[in-house]
Amino acid sequence: MSATRRGVIFLAAAAVLALSAWACNTTPPPPPATSESPVGAPATERVVGPLSTEDAQALATMNDRLREYVDLHIKIERELPNLPKDATPPQIDKNQRLFEQKVREARAAAKPGDLFTPEARPVIKRLLATVFGGPDGKQLKASIMDENPVDPAALKLTVNGRYPDTVPLTSVPPQVLQTLPKLHEDLEYRFIGDWLILLDVHAHVIADYIDNALPK
């Protein structure tokens, strides 16, 4: 092989190696992870600590009931007449009351315990007793009662009844929300006096309640 030919081969090989090196150097590194994997992510913290297996199973009995209620809520809401974009307050109130009427008609036989199941009720009361029995418990309870100093029994609250227009919606301490089962956005926990209310926000209906939920 001539020296000239060997030189050409050498130069060609050198060019290939140079291109390979350039490609390696210009390949961008993989982007850094933006969050931990589900396996490595920390578990959700509960104010009162982890639940026992029995308590978790008792609270889980609410899941299907709540899902059925939300499905009904969504179905009825979709059947309501559409409000105009510039709806007036009377139009909005009329639409809301129609929603309330249809929800109440669909649950005409509703009773306490339909959503706050008999299995879950004592566990919820015990969890609330733990929260309100803690170092900030008296202050938390006082804040609830100050916002809503009413007697629920005197109001004659009923499951599937309208949330009283004369009773303000109290704020619920975050310690309570971190303790109780998580709800769909159409439902909220509220207190009326010392009763825990499960409120259908849009229909303004008491979906269920636990009387005397707060410790004395």
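At what angle do the axes of helix H2 and helix H4 cross, and within what distance do they come? The views below are taken from a predicted model.

**View 1. Helix H2 crossing helix H4.** The axes of H2 (residues 53-79) and H4 (residues 120-132) cross at roughly 120° and come within 8 Å. The crossing of H2 past H4 is left-handed. On the H2 side, the contact is formed by Asp-55, Ala-58, Leu-59, Thr-61 and Met-62. H4 contributes Ala-120, Val-123, Ile-124, Arg-126 and Leu-127. Sorted by class, the residues in this contact are seven nonpolar, one polar and two charged.

**View 2. Thr-117 in the loop between H3 and H4.** Helix H3 spans 89-106, and Thr-117 sits in the loop between H3 and H4. Thr-117 has a relative accessible area of 0% and is therefore buried. Its side chain makes a polar contact of 2.6 Å with the side chain of Thr-61. Beyond its neighbours within four places in sequence, Thr-117 is in contact with Ala-58, Thr-61, Met-62 and Arg-65. Ala-58, Thr-61 and Met-62 also belong to the H2 side of the contact with H4.

**View 3. Arg-107 in the loop between H3 and H4.** Arg-107 is another residue of the loop between H3 and H4. Arg-107 counts as buried because its relative accessible area is 9%, under the 20% cut-off. The C-alpha atom of Arg-107 lies 9.5 Å from that of Leu-72, and the two residues are 35 residues apart along the chain. With residues up to four places away in sequence set aside, Arg-107 touches Tyr-69, Leu-72, Asp-114, Leu-115, Val-159, Asn-160 and Ala-207.

Key. Residues numbered from 1 in each chain as written. Predicted model: local features only at pLDDT ≥ 70, side-chain atom pairs only at ≥ 80, totals over all residues. Heavy atoms only, no water. Axes fitted to C-alpha atoms, helices over the stretch in contact; angles between N-to-C directions. Helix = DSSP H or I, 4+ residues; strand = E, 2+ residues; numbered from the N terminus. Left-handed = near helix turned anticlockwise from the far one by under 90°. Contact = heavy atoms within 4.5 Å. Nonpolar A, V, L, I, M, F, W, Y, C, P; charged D, E, K, R; others polar. Buried < 20%, exposed > 50% of the residue type's maximum accessible area, 1.4 Å probe, protein only. Polar contact = N/O pair within 3.5 Å; in protein donor to acceptor, adjacent residues only side chain to side chain.
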